[in-house]
Amino acid sequence: MSKALNAVTLLGAGVQGSRLAYMWSRLGKPVYLLDNDKSQLPRARNDLATLQSRLPTGHDSVTVDSTDNLDMALARSWLVVECVPESLSLKQSLLRKLDKATRPETIIASNSSSYTIPEIAKGIALKGKDRIVNMHPFLPPDIPGSSTTSTTAEIQIWAAVKRETLSTIDEGVASPQEIDQIFQCVTGMPKGPCEQMDTIGLDTVLLIEDHYAAVRPGLPEGPRKLLRKMLAAGKLGVKTGAGFYSYESKD
């Protein structure tokens, strides 16, 4: 691999993109966090500053910018990770563009949590399919999954936990607070499923659930109805200041 390729580019400056940019910056190499929606950039910079304040990396190597500078970033990157919304057509369109615009040795990764690489790459004439991989970590993404098998297993387990959490709330069995407290007590994880979904964005969660429902007939409708009701009320999670929890008083 060329010595010039020492950077990592992340496309999509949302929750996962910002956290992954922080993770890769810990190596001290250049990181480019790009988004075609320039309104996303100030929030991404703020998220990175918050992460740095909690756990300083000692490096200030993340460039947050618009996709106007995509070609420059790709020319310097050994790894490109798409972190765009869970839309198959969007991911396929971006994969076509990246396959043409990157060097043959550059690895192209998808951060999708519900679409597989065969689904995304279907029907696309790629220059090299062996360089297309899935890279979807848990939150916070400190260390990506070490293998496709473990990552797939984690994603499927999380999908089941998330869906049962939504069903439990929809059926009135328990509140988000009660579910998160039980989950944290049992697993020792710092966040419960409701707080994690708020962090991801409930609009993103609904896109993922809609995809699962399309490919797995028979899944309960309750979780998606609950999410649609919350979205209609403007409750998308942290990004709007309210979801399962209120974030109005938080920076």
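Predicted model: local features only at pLDDT ≥ 70, side-chain atom pairs only at ≥ 80, totals over all residues.
Residues are numbered from 1 along each chain as its sequence is written, and side-chain values use heavy atoms, leaving out hydrogens and water.

**The sheet**

- E2 and E3 belong to an open sheet of six strands, ordered E3-E2-E1-E4-E5-E6 with parallel pairing; two strands pair if DSSP finds at least two bridges between them.
- The edges are held by strand E3 (62-66) and strand E6 (132-134), each with a single partner strand, so one side of each has no neighbour in the sheet.
- On average, neighbouring strands are turned by 20° against each other, direction ignored; axes are lines fitted to C-alpha atoms, for helices over the stretch in contact, and angles between N-to-C directions run from 0 to 180 degrees.
- E3 has a covered face with Val62, Val64 and Ser66, and an uncovered face with Thr63 and Asp65.

**Helices on the sheet**

- Helix H1 (residues 15-25) lies across strand E1 (7-11), E2, E3 and strand E4 (77-82), and runs at about 170° to E2.
- Helix H2 (residues 40-54) also packs on the sheet, where it touches E2 and E3, and its direction makes about 165° with that of E3.
- H1 is largely enclosed by the rest of the structure, because 10 of its 11 residues are buried (buried means under 20% relative accessible area, exposed over 50%, and partly exposed in between, with a 1.4 Å probe and protein chains only).
- Among the buried residues of H1 are Arg19, Leu20, Met23 and Trp24, and their cover includes E1, E2, H2, E3, E4 and H8.

**Nonpolar cores**

- The largest nonpolar core has 21 residues, and Leu10, Trp24, Leu33 and Val81 have the most contacts inside it; such a core is a set of buried Ala, Val, Leu, Ile, Met, Phe, Trp, Tyr and Cys residues joined through side-chain atoms within 4.5 Å.
- E1, H1, E2, H2, E3 and E4 each supply at least two residues of this core, with the largest share, five residues, coming from H1.
- Apart from this core lies another, of 20 residues, among them Leu11, Tyr32, Ala73 and Leu94.
- Leaving aside neighbours within four places in sequence, Leu10 is in contact (heavy atoms within 4.5 Å) with residues including Leu20, Leu33 and Val81.

**H7 against H8**

- Helix H7 (residues 176-187) and helix H8 (residues 193-200) pack at about 110°, with their axes 7 Å apart.
- That angle makes H7 roughly perpendicular to H8, a label for 65 to 115 degrees, whereas under 35 is roughly parallel, over 145 roughly antiparallel and the rest oblique.
- Pro176, Ile179, Asp180 and Phe183 of H7 meet Pro193, Cys194 and Glu195 of H8.

**A loop residue**

- Ser39 is in the loop between E2 and H2 and counts as exposed, at 56% relative accessibility.

Technical notes
Helix = DSSP H or I, 4+ residues; strand = E, 2+ residues; numbered from the N terminus.
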